[in-house]
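Dear colleague,

Please find below the structure that I am handing over to you.

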Amino acid sequence: MTAKKPYLETMPNEDGFFGKFGGAFIPPQLEEPFREIREAYDKLSKSFEFLHELKKIRKHYQGRPTPITYCKNLSDYIGGGQIYLKREDLNHTGAHKLNHCMAEGLLAKYLGKKKLIAETGAGQHGVALATAAAYFGLECEIHMGEVDIKKEHPNVVKMKILGAKVVPATHGLKTLKEAVDSAFGAYLQDTQNQLFAIGSVVGPHPFPKMVRDFQSVVGLEAKEQFLEMTGKLPDMVTACVGGGSNAMGIFSGFIDDAVKLYGVEPAGKGTNLGEHSASLTYGSEGIMHGFNSIMLKDENGEPAPVHSIGSGIDYPSIGPEHAYLHSIGRTNVGLCTDEEAVDAFYKLSQYEGIIPALESAHAVAFAMKYAAQNPKESILVNLSGRGDKDIDYVIEHYPIPLKV
Ligand SMILES: *Cc1c(COP(=O)(O)O)cnc(C)c1O
C-alpha cells in the first residue's frame, strides 16, 4: 500500500493547472523570462540553502512564528463557537504580504536580478515589496495608478522612504489595471535584470504555486500551534479572499484534514455588478492577467468594476487554486458586506484590543456569524493584517459604537 500524497505536492500540474484553472496565458515575449523563473523556482524550492535562508529571515526579521490568540471575550459576547486568530497582523510591516515578498526578494537575489518590479492597488503590496528590496539591497520600482496615488498617500510616502521609485500610471482609469499594464511594459524592457513580483496567488504560472508555497508557512505553523493549544484541530478555518494568498496560506495547513474551509468574499454594498467583488459567488470562467479562473465580467467580457471597503480585496478574479478547490467542493464561500466588516472591525477592537485591517475584518465578521450558528465548533481566523491604515477612513465614515 502506498500512502496518499499530501495535497500540496499534487497541485498544480507541471503546466500550472489546478484542474482546468490556472495556466500561463502570456504574450510570446514573456515566455522566456517566465520559463527562467519557473525553472529557478523548481530548483530552489528543493534547495536546503534557499529554504534555510528563508527560515532564518522569517525568524529574525519578520518575527515568525506569529502567535495564535484565543478570543475569549468576543466568543463569550457571541455566546456560540470559540474564535481563535492566527496573528499575521504581527508580521513586520503588519500583514501577511511580507511572507511572499521576502521570498520573492530572496529568489531575485539567487537569480542575480538587480531590481524588483510590481504594480500595486492600495499600496500594501508595494510597501511589502519595497521592504524586501531594502533588506536585500535591490532596487524597487512600483507602478501605481495616478488615482490610487492620491487616495493612498501614506503608503506612497512609505514606499518612497523605503527607497522605492513610484511610477504613476496615467492612462485610462488610472487605477490598478493600468498599473498592471504599466508595470508589465517596464518589466519587458529588461527581463534580464528585473524580477516581476506578483502580490497574490494570481497571475501566470508559476506565481499562484510559488506564492501559495511561500504563504503556506501560515497554515503549517497554525496547525501545530492549534493542536498544542487545544489538543485538537479547529472545526473550521476561514480567511478573507482578494486574490487569495492569505487564505491559501492558512488553508495549506488543513487541506488534507477533516476541517471545513471558508474563503470570505466581499459582498460590498449590494448584489449589482460594481457593488461587490465576490468573484466565486457571482462570476464565471474566464482568462484575465494571464490565468484561467472565475471572474466578474462586464457586458463585453472584460474585467468588471468591483467594490469593497477593504481595498486589498477588491479584485475581479480569484486565484486559480481557489476556483479549483471550490469546484471540487473542498472549500466553501462565505460572504461579508461592508457594514458587517466595519461592525467586526469595532467589535474586535473593543472586545480584544486588536484593530484589524478592513480586509481581515471580513473574515472576523464571517466567523462571528458562523460562531453564532455553530455553538459547538472552534473557528480559526487568519487575521491577515492590522488596521492602522484604515482608522482614518473608518472614523470619518462610521461613528464609534457604544460597547454593548
Ligand atoms: C492585500 C491584503 C489582503 C488580500 O490579499 P490576498 O492575496 O487575498 O490575501 C488581505 N488582507 C490584507 C491585510 C492585505 O493587505
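Two strands are counted as paired if DSSP finds at least two bridges between them. Strand β5, residues 115–120, meets that criterion with β8, since the two pair in the parallel sense over three bridges. Within this pairing, I117 has F196 of β8 as its bridge partner. Please note that the model is a predicted one.

The two strands belong to an open sheet of four, ordered β7-β6-β5-β8 and paired in parallel. At its edges lie β7 (165–169) and β8 (194–196), each of which pairs on one side only. From one strand to the next, the twist averages 25 degrees.

The domain assignment divides the protein into domain 1 (25–60 + 97–204) and domain 2 (63–94 + 208–397). Their C-alpha centres are 23 Å apart, and the contact draws on 26 residues from domain 1 and 32 residues from domain 2.

About 2500 Å² is buried between domain 1 and domain 2, with carbon and sulfur atoms giving 64% of that area. On the side of domain 1, the residues that lose the most area to domain 2 are Y41, N99 and V201, which together account for 27% of what that side buries.

The helices α2 (28–44), α3 (48–62), α5 (97–110) and α6 (124–136) each supply at least two residues of the side of domain 1 that touches domain 2. Of that side, α5 gives the most, with seven residues.

With kind regards

Definitions and conventions
Residues numbered from 1 in each chain as written. Predicted model: local features only at pLDDT ≥ 70, side-chain atom pairs only at ≥ 80, totals over all residues. Heavy atoms only, no water. Axes fitted to C-alpha atoms, helices over the stretch in contact; angles between N-to-C directions. Domains from an automatic or database assignment. Contact = heavy atoms within 4.5 Å. Buried area = accessible area lost by both parts, 1.4 Å probe.
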